[in-house]
Amino acid sequence: LFNGIYPFYPQQRKTFVFDVSTIIVIIVFLTLASSFLLIIPGIRGRARLYWIVRVLFSLMVGAVIVVVQFTGDWENGWVTANTSYKSFSRAMVNADIGLHVGLAGVNITLVGNPVNQVNETINYNEHFAWSFDADYDHSYSEGLEKGLPSPILYVAEKFTTQSPCNVHRQYRISGHYASATLWVAFCTWLISNMLFSMPVIVYGGYMILVTGAFMIFSLLSFSTVRNSLVCPIQFGAATLHTVYGASFWLTLAVGLFCFVAGITIVALHYFNSDLLKTFFDLHEVKAEDCREMTEVYVNPQFMN
């Protein structure tokens with residue numbers, strides 16, 4: 001403390017799109033992809049291209065399923081307004097206020113226009129968690145004790161359990177079930193990869209369809225928050241409106257891709273199984289097995 005005042009920001013800030021968990025997941029999947037690319041030269045012929053397509057697309061699906069669990073941009077909103085900066089102060093600032101909703105909490109950003117106003121640097125990014133192992137109201141109380149800027153506290157108060165908006169329970173439960181269905185989708189993705197490594201390709205196609213279905217279920221779970229009453233977030237004449245963010249649309253795109261891939265695999269199994277076996281490199285495996293079986297050396301003395 002310096003004369004009873006914190007000389008620096010007392011709590012580590014958390015970014016609203018990338019955090020440590022997201023970076024770890026990305027590094028793990030990039031390591032798997034890099035390891036596979038190292039062994040690609042050992043695969044001969046057209047099978048090399050087929051392996052690259054299968055493995056990279058599969059890793060992409062798995063990475064998206066896990067990464068969106070930790071991102072904070074399932075729902076976004078921005079507004080530029082003139083607003084009071086601190087409690088018990090008449091100072092007004094012009095700033096961009098952002099709201100970023102994730103499955104496990106909400107991030108509220110405040111960036112001044114310009115950043116340096118009223119002899120301070122206005123650049124805040126606060127995270128308030130509402131997962132089942134976190135206490136949102138406690139995080140909000142800590143923000144009050146730290147004396148966070150009034151715009152951040154005003155937006156955060158909308159999501160407390162005591163708020164008249166009554167959206168805390170809806171967001172919390174919707175995010176919980178969306179996260180749970182995504183983990184189920186991750187499990188079915190693992191099963192589909194195991195089935196694709198065996199001569200039961202059609203069942204792998206079925207599991208890819210199930211993976212896409214659970215990803216769509218997670219989107220339906222999160223979108224139920226739209227059924228609750230709209231709670232206006234006003235800053236004078238300006239209103240902060242939210243829309244679906246990048247994580248929502250990315251999950252939708254990958255879910256639809258899983259549907260297309262699954263339907264294609266099942267259709268090829270029934271109408272053109274030879275093309276499907278060629279893509280999954282089954283014909284070459286059989287040819288190698290036959291060639292190995294024909295190369296037999298017999299001891300003449302043993303035969304005599």
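**A tour of the aromatic rings**

Start by selecting W74, F222, Y244, F248 and W249, a cluster linked by ring pairs. You're looking at a predicted model, where local features need pLDDT of at least 70, side-chain atom pairs count only at pLDDT 80 or more, and totals for chains, interfaces and linings use all residues. Residues are numbered from 1 along each chain as its sequence is written, and side-chain values use heavy atoms, with hydrogens and water left out.

The structure has 17 aromatic pairs (rings of Phe, Tyr and Trp, the last by its six-membered ring, with centres within 6.5 Å; planes under 30 degrees apart are stacked, over 60 edge-to-face, the rest tilted). Zoom in on W74 and F222: their ring centres are 5.3 Å apart and the planes meet at 55 degrees, so this pair is tilted. W74 is in the loop between α2 (47-67) and β1 (75-84), while F222 belongs to helix α6 (residues 201-223), so the pair ties together parts 148 residues apart in sequence. (Helices, H or I of at least four residues, and strands, E of at least two, are DSSP runs numbered from the N terminus.) Both W74 and F222 are buried, meaning under 20% relative accessible area with a 1.4 Å probe and protein chains only; over 50% is exposed, and in between is partly exposed.

Next, pick F159 and Y171, an edge-to-face pair with 5.6 Å between centres and 75 degrees between planes. F159 sits in the loop between α4 (150-157) and α5 (168-196), and Y171 in helix α5, 12 residues apart. F159 counts as buried at 4% relative accessibility, as does Y171 at 10%.

Last stop: select R54, whose charged end sits over the ring of W51, 4.4 Å from its centre (NZ of Lys or CZ of Arg within 6 Å of the ring centre and within 35 degrees of the ring normal). Then try K86, with its charged end over the ring of Y85, 5.4 Å from the centre.
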